[in-house]
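Notebook open. I wanted to look up the charged pairs first, then the strands and the core.

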Amino acid sequence: MTIFPLLMLLAACDSPAPAMMGADATRITVEGVDFTVRVRGERVEAIRTNMMPNPSIGSVYPRAVQAMEAVSGCRVIEYSLRGDVAVMRADLDCG
């Protein structure tokens with residue numbers, strides 16, 4: 001029973017990649033999916049922070065792109081999107 005609280009803490013973890021440390025974190029919800037988004041220069045990172053039953057790339061990626069664009073004010077360069085259903089990173093076109 002003592003492992004459950006630890007698992008709940010880890011499920012809500014949104015620690016950034018080393019390259020994003022120190023960047024301001026913005027929390028945003030897109031179509032029921034919660035993200036913490038960090039922007040540094042022309043790079044962006046979105047970390048999904050809520051539980052989803054059987055999340056798939058096809059259901060999470062479009063929402064992550066929408067969150068990244070909303071927070072950054074820039075367009076996500078589609079071919080640069082990488083990651084998994086928990087942590088997504090991309091390059092931005094702010095020009």
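Started with Asp 91, which comes out partly exposed at a relative accessible area of 23%. This is a predicted model, so I keep that in mind for everything below. Asp 91 makes a salt bridge with Arg 82, and the closest N and O atoms sit 3.9 Å apart. I noted that 3.9 Å still counts because the cut-off is within 4 Å. Arg 82 is partly exposed as well, with a relative accessible area of 36%. Salt bridges with shared partners put Arg 43, Arg 82 and Asp 91 into one network.

Next entry: how many salt bridges does the structure hold? I get five.

Looked up Glu 45 and Arg 89. Their side chains meet in a salt bridge at 2.9 Å, N to O. Glu 45 belongs to strand β3 (residues 43–48) and Arg 89 to strand β6 (residues 87–93), so this pair ties together parts 44 residues apart in sequence. Is Glu 45 buried or exposed? Buried: its relative accessible area is 1%, and the label applies because buried means under 20%. Arg 89, at 32% relative accessibility, counts as partly exposed.

Then Glu 31. I find a salt bridge from Glu 31 to Arg 63, with the closest N and O atoms 3.3 Å apart. Glu 31 is in the loop between β1 (25–30) and β2 (33–40), while Arg 63 is in helix α2 (residues 57–72), so the pair links distant parts of the chain, 32 residues apart. β1 and β2 run antiparallel and are joined by six bridges. Thr 29 stands opposite Asp 34 in β2. With two residues between the strands of the hairpin, Glu 31 takes a positive phi near 50°.

Last entry, the core. Which residues have the most contacts inside the largest nonpolar core? I list Phe 35, Val 37, Met 68, Leu 81 and Met 88, in a core of 20 residues. At least two residues of this core come from each of β1, β2, β3, α2 and β6. The largest share is from α2, with six residues.

Leaving out residues up to four places away in sequence, Leu 81 touches Tyr 61, Val 65, Met 68, Met 88, Arg 89 and Ala 90.

Note on methods: Residues numbered from 1 in each chain as written. Predicted model: local features only at pLDDT ≥ 70, side-chain atom pairs only at ≥ 80, totals over all residues. Heavy atoms only, no water. Helix = DSSP H or I, 4+ residues; strand = E, 2+ residues; numbered from the N terminus. Buried < 20%, exposed > 50% of the residue type's maximum accessible area, 1.4 Å probe, protein only. Pairing = 2+ DSSP bridges. Core = buried A, V, L, I, M, F, W, Y, C linked by side-chain atoms within 4.5 Å. Contact = heavy atoms within 4.5 Å.
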